[in-house]
Amino acid sequence: MQALNDFLLLIDSYIGSHIWFVLLLLGTGIFFTIYLKFPQIRFFKYAIRIVQGKFDKEDDEGDTSHFQALTTALSGTVGTGNIAGVAFAVHLGGPAALFWMLVTAMFGMTTKFVEVTLSHKYREKAQDGSIAGGPMYFMRKRLNISTKSGKTIKTGYWIAGIFAIATILSSFGTGSLPQINSISNSLFSTFGIPHMVTGLVLAILLAFVIIGGIKRIAKVTSRLVPAMALIYFIGAMAVILFNYENIWPSIQSVVGDIFTGSSATGGFLGATIAFAFNRGVNRGLFSNEAGQGSAPIAHAAAKAHEPVSEGLVALLEPFIDTIIICTLTGFVLLSSGVWSEKIDNRFQLADLQVLNTNEVSDQTDEGKMTLSDHISGEESLPLFSGQIGVKDGKISSPVTMIHARSLAEDVKVKKGNTLYNGQLNVSNGNIVIKDEHQSLIERIKSQFTQSGNNQIIIEGKSLIHSAPLTAVAFTKSWFGQFGQYIVSIGLLLFAFSTAISWSYYGDRAVTYLWGSKYVIWYHFVYVIGFFVASFVDTTIIWTLSGITIALMTIPNLFGLLFLHKEMKSDVKRFWKEYKQRFPEEKNVPQD
């Protein structure tokens, strides 16, 4: 499992986690923000009016309303990125990562406006009569190259095909796998519900919803999104106000660390400026998906006669998703202080590393710097290979364990519920446990029988990340331990609705590539993958999601930049029509 994660990390290091990808993403948003004269500010109030139906016509064609398209797209973005993704970004990059998430969202509002407008403009009717749209349609029609001899090179077909395939992969890497994994981990840590039981129940519910198509999906999400946002808002504000004395220090840490990087504090070993920037932008994209090209697929189904109007509706998504909800999560983590605290937890092997020394410490500045350099890859400490002894659950060999980018303490090894005596095999710093190589059938059996009691478990105190970190933070309020239930319920609703929306994105990509008749097979694989992901390693799923996001985003961003002039002329034409329909309004934008 560790070898697979290392391979995926290698791939991701050249695309989604590389600085060129981050610069392309932010650069596109900055370019369109300047080119279209800050539409996220000038057009904001009109976006709200259009959601309310002000610009609608009775004969507008589509499958959903503006509000339903907005909530469907939001349900695809408001998910683990808001609860687990923010926690993961702060865990990796410190408070400064939150600032870069917000910057990404600000420029992402413009990117979302552009991609939705162009995708809605070139939407089509599918074989079954439903509306089909998304970046692959404008790519196919508008990204071909004309030569001087008058011939047309159909590059758009290839680019659209790559995007559609990436969308299918991303529906698993973004919409299905990390969502159910976060849900099952949260419900297991809070209620003790076996991961596979959660996966099985929700997979059945998922199948019932997605079989009904976009109309049933829109109906479900339009009710889920407002409810889950309200629940989460109440819980988050309870934590922030309970720890009111930490609000200003939290703001100072976010702003103060922007150009210095986050220094070591508590169990957190520090993060460089570049790392905080990279992780903040990367998680910001995972949160609101601006530039990824996913939301345009949902918005393409909206009833609208003018594509720019739907683009304006989409402009609200990063604001709601990241600037509001992710900021709430970030200040919950910072004001509660849990982001830098070592907490008792069960170690995940993909987050665990064994050093061939027991002479490093995080109690001194020198020791923290040494460990930080090792974790960041600047300098390497010796990794252990061989066997380490375990007596009455305690490590007897002279080694040090690093878990979740922190020095592990009070490490205990159990076999089921009893303290372990024996040895653990270690290869190049990675603990190798036979249970990790169980077949799928053996894993399913162990979840429902007593054979799971023989599993080797490593526990101790370390930093934690993702959904479990947010769950702990929510207990630091007047709600006490009940706060973790808010996270579990919120995550259940958030992530499940995300999985629903992404199933639609994937089936539109399948429709584009092979036709409507193959959608049923895609749904079958999607539901099975959803179930399996409920009990596989979290870290590997996050790594996979980063790769699939990049594979979608890159061709989409190039397509948007190629059509920048067309976008500007469409915006100008829209405001001209708007002014004709509502002559009584003053100060209507001209372009």
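Leucine 10 is partly exposed, at a relative accessible area of 46%; here buried means under 20%, exposed over 50%, and partly exposed in between (1.4 Å probe, protein chains only). The residue sits in helix 1 (residues 2-14). Helices (H or I, at least four residues) and strands (E, at least two) are DSSP runs numbered from the N terminus. The structure is a predicted model, in which local features need pLDDT of at least 70 and side-chain atom pairs count only at pLDDT 80 or more, while totals for chains, interfaces and linings use all residues. Residues are numbered from 1 along each chain as its sequence is written, and side-chain values use heavy atoms, with hydrogens and water left out.

Leu10 belongs to a nonpolar surface patch together with Leu4, Phe7, Ile11 and Tyr14. The accessible area of these residues together is about 500 Å², computed by the Shrake-Rupley method with a 1.4 Å probe, where for residues only the protein chains shown count as cover. Patches are made of residues with over 30% relative accessible area and no salt bridge; like charges are joined within 9 Å, and nonpolar side chains (Val, Leu, Ile, Met, Phe, Trp, Tyr) within 5 Å.

## Salt bridges

The whole structure contains 12 salt bridges, each being a side-chain nitrogen of Lys or Arg within 4 Å of a carboxyl oxygen of Asp or Glu. One of them pairs glutamate 124 with lysine 141, with the closest N and O atoms 3.0 Å apart. Because glutamate 124 lies in strand 1 (residues 124-125) and lysine 141 in helix 8 (residues 135-142), the pair ties together parts that are 17 residues apart in sequence. Glutamate 124 is partly exposed at 25% relative accessible area, and lysine 141 is partly exposed at 36%.

Arginine 142 forms a salt bridge with glutamate 566, and the closest N and O atoms are 2.8 Å apart. This pair links distant parts of the chain, with arginine 142 in helix 8 and glutamate 566 in helix 23 (residues 564-581), 424 residues apart. Arginine 142 is partly exposed, with a relative accessible area of 31%, whereas glutamate 566 counts as buried at 12%. A salt bridge also joins the side chains of arginine 573 and aspartate 570, at 2.6 Å from N to O. These two residues are 3 apart in helix 23, so about one helical turn separates them. Arginine 573 is partly exposed at 45%, but aspartate 570 is buried at 3%. Through salt bridges that share partners, Lys121, Arg142, Glu566, Asp570 and Arg573 are joined into one network.

## Helix 11 and helix 16

Two packed helices are described by the angle between their axes and the distance between the axes. For helix 11 (residues 213-242) and helix 16 (residues 316-336), the axes come within 9 Å and cross at roughly 30 degrees. Helix 11 is therefore roughly parallel to helix 16. Axes are lines fitted to C-alpha atoms, for helices over the stretch in contact, with angles running from 0 to 180 degrees between N-to-C directions. Angles under 35 degrees count as roughly parallel, over 145 as roughly antiparallel, 65 to 115 as roughly perpendicular and the rest as oblique.

The crossing of helix 11 past helix 16 is left-handed, that is, the near helix is turned anticlockwise from the far one by less than a right angle (right-handed if clockwise). Glycine 213 is found in helix 11 and is partly exposed at 22% relative accessible area.

## Separations in sequence and space

Valine 338 is in the loop between helix 16 and strand 5 (343-346), and is buried at a relative accessible area of 1%. Its C-alpha atom is 5.9 Å from that of alanine 473, 135 residues apart in sequence.

Leucine 561 is in helix 22 (residues 538-562) and counts as partly exposed at 26% relative accessibility. For glycine 213 and leucine 492, 279 residues apart along the chain, the C-alpha atoms are separated by 21 Å.

## Positive phi angles

Most residues other than glycine have a negative phi. Phenylalanine 38 has a positive phi of about 55 degrees; this residue lies in the loop between helix 2 (19-35) and helix 3 (39-42) and is partly exposed at 41%. Aspartate 392 has a positive phi near 50 degrees. Aspartate 392 is in the loop between strand 7 (386-391) and strand 8 (394-395), and is partly exposed at 46% relative accessibility.
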